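Reader: I would like to learn how to read side-chain contacts and strand pairing in a model. Please take the features in turn.

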Amino acid sequence: MFIDLNCDLGEGYGPYKIGRDEEIIPLVSSVNIACGYHAGDHSVMAKTIKMAKKHQVSIGAHPGYPDLQGFGRRFIPMKSEEIFDMLVYQIGAISSMCKAYGTSLEHVKPHGALYNLASVNPSVAEAIVQAIKAVDHSLILFGLSGSVLSKIGEEHGLCVAHEVFADRTYQNNGMLTPREQKNAVITDVEMASKRIKELISNGEMPTVSGKKIPLKVDTICVHGDEDKAFIFLKKLRSQLVSQGIDVRKVGEHHGT
């Protein structure tokens, strides 16, 4: 059995450091690197790419709304054409940066409010998928498991990695609990590991109401900006290995 373990990184800006990127990268198989709009900048992007290359993990674009103050977690009304252009710009930037440092971009995972909106809004999902296809049809799309984004990506022939979150709670409809609610983020490492173990074993994720919903899982995310991200990942990787599950980047078990 194989699973991809991913983390959102490269989210510092200028002299401001966010997360423990250097310690986290060796624990994951994929990284989603901020493209300068919701977080990150050209130098942080380059540094993170070089670390990812060194540890041979999959490099992904993590494009989001142009919202440094809100960390890309605030909705910004945009037309489909604007979303398309915004995604092409950000994916193109990190793709060129990867090329400059002798490596390549392998996947795309929208960030924050854009990711959440695309999970339920067909026109937004369509714009994102079309942007990925326009830049490079071979790029893998990381989308919320069971979401509109994942469905539309597959309909357009993209390789889609169905993503679940180790450190977030779920609603009965399969969507993530909004961050403004108190129970949205899981801070208990043992609880998070137990939920992922159950998901991998039974294909079901518990919701905030106690219901269990079926979810397909190709990749598991832990947010790099959370205080316990390093501890989460260390524990989670150990848990996966103990279950006989090999941590590998998506491209290796999707045959890409």
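**Reading contacts and strands**

Author: Y37 is partly exposed, at 24% relative accessibility; here buried means under 20% relative accessible area, exposed over 50%, and partly exposed in between (1.4 Å probe, protein chains only). This is a predicted model, in which local features need pLDDT of at least 70, side-chain atom pairs count only at pLDDT 80 or more, and totals for chains, interfaces and linings use all residues. Residues are numbered from 1 along each chain as its sequence is written, and side-chain values use heavy atoms, with hydrogens and water left out.

Reader: How is an aromatic pair read, and how many aromatic pairs are there?

Author: Two numbers describe a pair of aromatic rings: the distance of the centres and the angle of the planes. Rings of Phe, Tyr and Trp (its six-membered ring) pair if their centres lie within 6.5 Å; planes under 30 degrees apart count as stacked, over 60 as edge-to-face and the rest as tilted. The count by this rule is 3 aromatic pairs. In one of them, Y37 and Y89 have ring centres 5.7 Å apart and planes at 40°, so the pair is tilted. Y37 belongs to the loop between β2 (30-34) and α2 (42-54) and Y89 to helix α3 (residues 80-100), so the contact ties together parts 52 residues apart in sequence. Helices (H or I, at least four residues) and strands (E, at least two) are DSSP runs, numbered from the N terminus. Y89 has a relative accessible area of 54% and is exposed.

Reader: What is the geometry of the pair Y65 and F75?

Author: Their ring centres are 6.3 Å apart and the planes stand at 80°, so this pair is edge-to-face. Both Y65 and F75 lie in the loop between β3 (58-62) and α3, so the pair ties together parts 10 residues apart in sequence. Y65 is buried, at 0% relative accessibility, whereas F75 is exposed at 52%.

Reader: How should I read a salt bridge, and how many are there?

Author: Side chains of opposite charge can pair when their charged atoms come close. The rule asks for a side-chain nitrogen of Lys or Arg within 4 Å of a carboxyl oxygen of Asp or Glu. That gives 10 salt bridges. One of them joins K109 and D8, at 3.2 Å from N to O. K109 sits in the loop between β4 (107-108) and α4 (112-118) and D8 in strand β1, so the bridge ties together parts 101 residues apart in sequence. K109 is buried at 2% relative accessibility, and D8 is buried at 2%. A network of salt bridges links D8, K109 and E163.

Reader: Which ring does K109 lie over?

Author: K109 lies over the face of Y115, 5.8 Å from the ring centre. For this, NZ of Lys or CZ of Arg must be within 6 Å of the ring centre and within 35 degrees of the ring normal.

Reader: D8 was placed in β1. Which strands does β1 pair with?

Author: Two strands pair if DSSP finds at least two bridges between them. Strand β1 (residues 2-9) runs parallel to β10 (residues 246-247), with 2 bridges. Parallel pairing also holds with β9 (residues 219-223), through 5 bridges, and with β2, through 4 bridges. F2 stands opposite D246 in β10, D8 opposite H223 in β9, and L9 opposite I33 in β2. Of the 8 residues of β1, 7 are buried.
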